[in-house]
Amino acid sequence: MDGFEENTGVIILAATNRPDSLDPALTRPGRFDRRVPVGLPDLAGREAILKVHAKKIKLANDVDFHTIARMAAGASGAELANIINEAALRAVRNGRTIVNEMDLEESIEVVIAGYQKKNAVLSDKEKMIVSYHEIGHALVSAKQSNSAPVQKITIIPRTSGALGYTMQVDTADKYLLTKEELENKLATYTGGRAAEEIVFGTYTTGASNDIEQATKLARAMISRYGMSDDFDMTALETINDQYLGNDASLACSPETQKLIDQKTIELIKKQHEKAKNILQDNRKKLDELAKYLYEKETITGDEFMEILERSDQ
């Protein structure tokens, strides 16, 4: 860092998550000479970070850090450390001194969705609705190409407020997604609500997070990714701060904003209809899988696919 004292052998490091608010005098050449953006770790990075934090605990031979790193996609370094700590706590609670694969997998769910809410008792009807909802997500995903494989489905309530969830895990980190892959994601988001409509003929509040995620993705496809014929390659939205939640703001006229809203609704409606068609075409499998999940409460992706493929015969 030049311009202050000519001390040799002194290195000054600084960190911030608000680079937009820094005084330009600090970031110009000759002051802080090197800027090193630090994003979320990729697959190899997550695996390496997990191994570093796991040095302080005893591990069973069945632990595969590559699998755990894939399941923890999008996790920060602090969250990965928390995953290891939660796994160790789970092992101790179960009277063991060695952490196994199941401890780590459960700790990922704790970090993502919170602890199991064991005092929450769903009525039989609510439990069945949640079962159909989660199988709706999984079945729509499985019947589309280029979708991430289902890892686990559960209807055990969590402290985050989730009554259940479907975990999908990509085989590797993806840095580019096609329009078709994003449309498949939209259809999968709407799969839970679509299952409720088909089976029970009504709506519940269980799809609130799905609706939020689908709306955010559909709007980004139109306003940021240039995936609309109406706007072509026009940037209609800007990211305010990539380090603080990726909040975006529209940079267009009120008339264009209204059109973006219309196209967002049309895109979601189209994928919602596709999800309903998939589930109606596979109604027998939807019923079979939902009843199985209702009884078991938690099933693995292998169990899900085994029943799905067995039904195809």
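**Strands and their partners**

Me: Which residue of S2 stands opposite Ile-153?

Reply: Ile-153 stands opposite Thr-166 in S2. This is a predicted model in which local features need pLDDT of at least 70 and side-chain atom pairs count only at pLDDT 80 or more, while totals for chains, interfaces and linings use all residues. Residues are numbered from 1 along each chain as its sequence is written, and side-chain values use heavy atoms, with hydrogens and water left out.

Me: Why are S2 and S5 called edge strands?

Reply: The order in this open sheet of three strands is S2-S1-S5, with antiparallel pairing. Strand S2 (165-168) and strand S5 (298-300) each have a single partner strand, so one side of each is left without a neighbour in the sheet. From one strand to the next the twist averages 10 degrees, where axes are lines fitted to C-alpha atoms (for helices over the stretch in contact) and angles run from 0 to 180 degrees between N-to-C directions.

Me: Why is S1 described as largely enclosed?

Reply: A residue is buried if its relative accessible area is under 20%, exposed if it is over 50%, and partly exposed in between, using a 1.4 Å probe and protein chains only. Four of the five residues of S1 are buried, so the strand is largely enclosed by the rest of the structure. Helix H10 (residues 283-296) lies across S1 and S5, running at about 120 degrees to S5.

Me: How do you know whether Val-140 is buried or exposed?

Reply: Val-140 is found in helix H6 (residues 124-142), and its relative accessibility is 0%, which falls in the buried class. Contact means heavy atoms within 4.5 Å, and, leaving aside residues up to four places away in sequence, Val-140 touches Ala-187, Thr-188, Gly-191, Ala-275, Ile-278 and Leu-279. With Gly-191 it is 51 residues apart along the chain, yet their C-alpha atoms are separated by 5.9 Å.

Me: What class of accessibility do Asp-232 and Glu-297 fall into?

Reply: Asp-232, in the loop between helix H8 (208-223) and S3, has 51% relative accessibility and therefore counts as exposed. Glu-297, in the loop between H10 and S5, has 31% and therefore counts as partly exposed. Neither is a glycine, but Asp-232 has a positive phi of about 55 degrees and Glu-297 one of about 75 degrees. Most residues other than glycine have a negative phi.

**Rings**

Me: What makes Tyr-132 and Phe-200 an aromatic pair, and of which kind?

Reply: Rings of Phe, Tyr and Trp (its six-membered ring) pair if their centres lie within 6.5 Å, and planes under 30 degrees apart count as stacked, over 60 as edge-to-face and the rest as tilted. A search of the whole structure finds one aromatic pair. Tyr-132 and Phe-200 lie 5.5 Å centre to centre with 90 degrees between the planes, an edge-to-face pair. The pair links Tyr-132 in helix H6 with Phe-200 in helix H7, 68 residues apart. Tyr-132, at 6% relative accessibility, counts as buried, whereas Phe-200, at 29%, counts as partly exposed.

Me: How do you know that a charge sits over Tyr-294, and which residue brings it?

Reply: The rule asks for NZ of Lys or CZ of Arg within 6 Å of the ring centre and within 35 degrees of the ring normal. Lys-127 lies over the face of Tyr-294 at 4.8 Å from the ring centre.

**Confidence**

How values were computed
Two strands pair if DSSP finds at least two bridges between them. Helices (H or I, at least four residues) and strands (E, at least two) are DSSP runs, numbered from the N terminus.
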